[in-house]
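Subject: Structure handover

Dear colleague,

Here is the structure I said I would pass on. My notes on it follow below.

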Amino acid sequence: MKKIIFAIIACFALCSCHTQFGIAYGVKLTGNGDGQFEVSFPEGSYAMDGTASIALQVGDTISFGKVTTKAEVLENGNTKEIAALKAVNDSVATQFNATAASGTYELWLNGFVKETGTGLIFEIDRHWTNREAPKKMRAISNDPYPYIK
């Protein structure tokens, strides 16, 4: 009997050490567009055909808690936290997108993303457009986590 109880406890201990990546988010999408364009996010999309200003709340509207900055994670050097930072940045890059069949758009995504495996909360800021930006506005960033503040 003691061996069975020990095996169960060992199983729980080993299983709890491997947390899985997941995100919870509360973001606002603002901007404008004309023509046919679509914005996609993890649980859906928003399509437009015409000229529109956009103010869309996506995800949770509750406060997430203490925000962890990119600088704090990089300064601490914790590999799990750096992996969470990368995973959240990559998730924002791939799961939140805009595409246009015709027309143009200029959009901003601001809010908070919680990485559920570590519990870290990041503030995100993403801007994307298919409009021509003035030369003085174009900047090349070498930041590997450009969507995290």
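Accessible areas here come from the Shrake-Rupley method with a 1.4 Å probe. On that basis the accessible surface of the protein chain comes to about 9,500 Å², and 57% of it belongs to carbon and sulfur atoms. Please keep in mind that this is a predicted model.

Overall layout

The protein chain has three helices and five strands. Read from the N terminus, its elements follow the order α-β-β-β-α-α-β-β. The chain has 149 residues, of which 28% count as buried. Taking the contacts between residues at least 6 apart in sequence, 68% join residues at least 24 apart.

Core

The largest nonpolar core is made up of 26 residues, and Val92, Leu107 and Leu109 are those with the most contacts inside it. Five elements each supply at least two residues of this core: the strands β1 (23-41), β3 (52-59), β4 (97-115) and β5 (121-129), together with the helix α3 (79-95). Strand β1 gives the largest share, six residues.

I looked at valine 92 in more detail. Once its neighbours within four places in sequence are set aside, valine 92 is in contact with Leu109, Val113, Ile124, Arg126 and Tyr147. One of these partners, Leu109, is also among the residues with the most contacts inside the core.

Two single residues

Alanine 47 is part of strand β2, which covers residues 44-49. Is alanine 47 buried or exposed? Its relative accessible area is 57%, and exposed means over 50%, so alanine 47 is exposed. Not counting residues up to four places away in sequence, alanine 47 touches Phe37 and Glu38. Phenylalanine 37 is ten residues from alanine 47 along the chain, and their C-alpha atoms are separated by 5.9 Å.

Regards

Conventions
Residues are numbered from 1 along each chain as its sequence is written. This is a predicted model: local features need pLDDT of at least 70, side-chain atom pairs count only at pLDDT 80 or more; totals for chains, interfaces and linings use all residues. Side-chain values use heavy atoms; hydrogens and water are left out. A nonpolar core is a set of buried Ala, Val, Leu, Ile, Met, Phe, Trp, Tyr and Cys residues joined through side-chain atoms within 4.5 Å. Buried means under 20% relative accessible area, exposed over 50%, partly exposed in between (1.4 Å probe, protein chains only). Helices (H or I, at least four residues) and strands (E, at least two) are DSSP runs, numbered from the N terminus. Contact means heavy atoms within 4.5 Å.
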